[in-house]
Amino acid sequence: MMLALKAAQQKRRTVSTPMSRRKGGGDGSSSVKLICCSIVLVIFAVGSYLYYQTEAAFQQLSKTVIDGSAPSGGSSLRQGVGGGNHGTMVLIIPEHGEIKIGLKPELSQESVQYIEDLVSSGCADCKFYRAEAEGILQGILKSTYAKTSVKKGDCPVEFQGKQQNCPAHDPNCGCHGPTMVKGMVGWAGGGTGPDFFISNYNRPATWWGQQHTVFGHIVDPDSLNVLDKVVHLPATKRGGMTFLDDKIHFQVEIR
């Protein structure tokens, strides 16, 4: 009888032990889940904060380009050499409107001189032919008599010595201008014209580095609206690029 009673007690202890462990294990699992959820929430909150801070910075950069205002502690992009306004190049596009571009001789004096000579001599071929809706509007500014400069823009002081990630077609691209943001205008292909483009990206085009010679920027929201309208005209992809079905000719003035 005593042996039977001891055996029964031993059996009860053996059966109850896994239940106790499972209960303790359940509490540990809940704690781990709670900690993981807390970490995820913290990461999400930090990520959201950084996203909105970055977005605000990008918006400020675009605002600087559009209206010439400057971030706190910075100088206005509209302000040129000597603090003056060097004129506005106006692309007059029939049936679509005008794109007004503030000229920036402090970025490339030779490029601005070419534009002035083009206006004086007349356009031999001024048109848009390529439109990447979320990227660029590209065209040509070919003068009747004036020749484009062979000199590219100077490298901004803050980017001097920085390694450029040069494309295959221009392995020795070098630094020739600022990081382009929405509304900036520069010569295409890292060259000096007459093919040019307007950046339509909603964020700084850091992947280009500082390879392009920039000579102007869009000065008002109405011009950006015209840009947005033109880049969404019917177009066809060919060879990895998107070309307008109908080339858009325009006139050029300086006001």
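This is a predicted model: local features need pLDDT of at least 70, side-chain atom pairs count only at pLDDT 80 or more; totals for chains, interfaces and linings use all residues.
Colleague: What share of the 255 residues in the protein chain is buried?
Modeller: Residues are numbered from 1 along each chain as its sequence is written, and side-chain values use heavy atoms, with hydrogens and water left out. Buried means under 20% relative accessible area, exposed over 50%, and partly exposed in between (1.4 Å probe, protein chains only). On that scale, the buried share of the 255 residues is 39%.

Colleague: How many contacts does the model give residues 54-85 beyond near neighbours in sequence?
Modeller: The chain has a mean pLDDT of 77, with 67% of its residues at 70 or more. Residues 1-8 fall below 50 and have zero contacts (heavy atoms within 4.5 Å) beyond near neighbours in sequence. Residues 54-85 are also below 50, but beyond near neighbours the count for this stretch is 54.

Colleague: In β7, what is the bridge partner of G186?
Modeller: Strands pair if DSSP finds at least two bridges between them. Strand β5 runs antiparallel to β7 (residues 214-218), with three bridges joining them. In β7, G186 is partnered by V214.

Colleague: And which residue in β6 stands opposite Q138?
Modeller: Strand β6 (residues 195-199) is joined to β5 by three antiparallel bridges, and F196 in β6 stands opposite W187. Strand β4 (residues 136-143) also pairs with β6, antiparallel over five bridges. G186 has F197 as its bridge partner in β6, and Q138 likewise stands opposite F197.

Colleague: Why is β6 described as largely enclosed by the rest of the structure?
Modeller: Strand β6 has five residues, and the point is how many of them are buried. It counts as largely enclosed because the number of buried residues is four of the five.

Colleague: Which residue does a cis peptide bond join to G193?
Modeller: Look in the loop between β5 and β6, where P194 lies. Omega is about 10° for this cis bond, and the residue joined to G193 is P194.

Colleague: Is E95 buried or exposed?
Modeller: E95 is found in the loop between β1 (88-93) and β2 (97-103). Although not a glycine, E95 has a positive phi of about 70°. Its relative accessible area is 81%, so E95 is exposed.

Colleague: How far apart are the C-alpha atoms of S121 and A146?
Modeller: S121 sits in helix α2 (residues 109-121) and is partly exposed at 24% relative accessibility. Leaving aside neighbours within four places in sequence, S121 is in contact with S143, T144, Y145 and A146. S121 and A146 are 25 residues apart along the chain, yet their C-alpha atoms are separated by 7.0 Å.

Colleague: Which residues does H232 touch, not counting those up to four places away in sequence?
Modeller: H232 is in the loop between α3 (221-231) and β8 (235-238), and at 46% relative accessibility it counts as partly exposed. L244, 12 residues apart from H232 in sequence, is 9.1 Å away from it, C-alpha to C-alpha. The residues that H232 touches are A133 and E134.

Key. Helices (H or I, at least four residues) and strands (E, at least two) are DSSP runs, numbered from the N terminus. pLDDT is the predictor's confidence in each residue, from 0 to 100.
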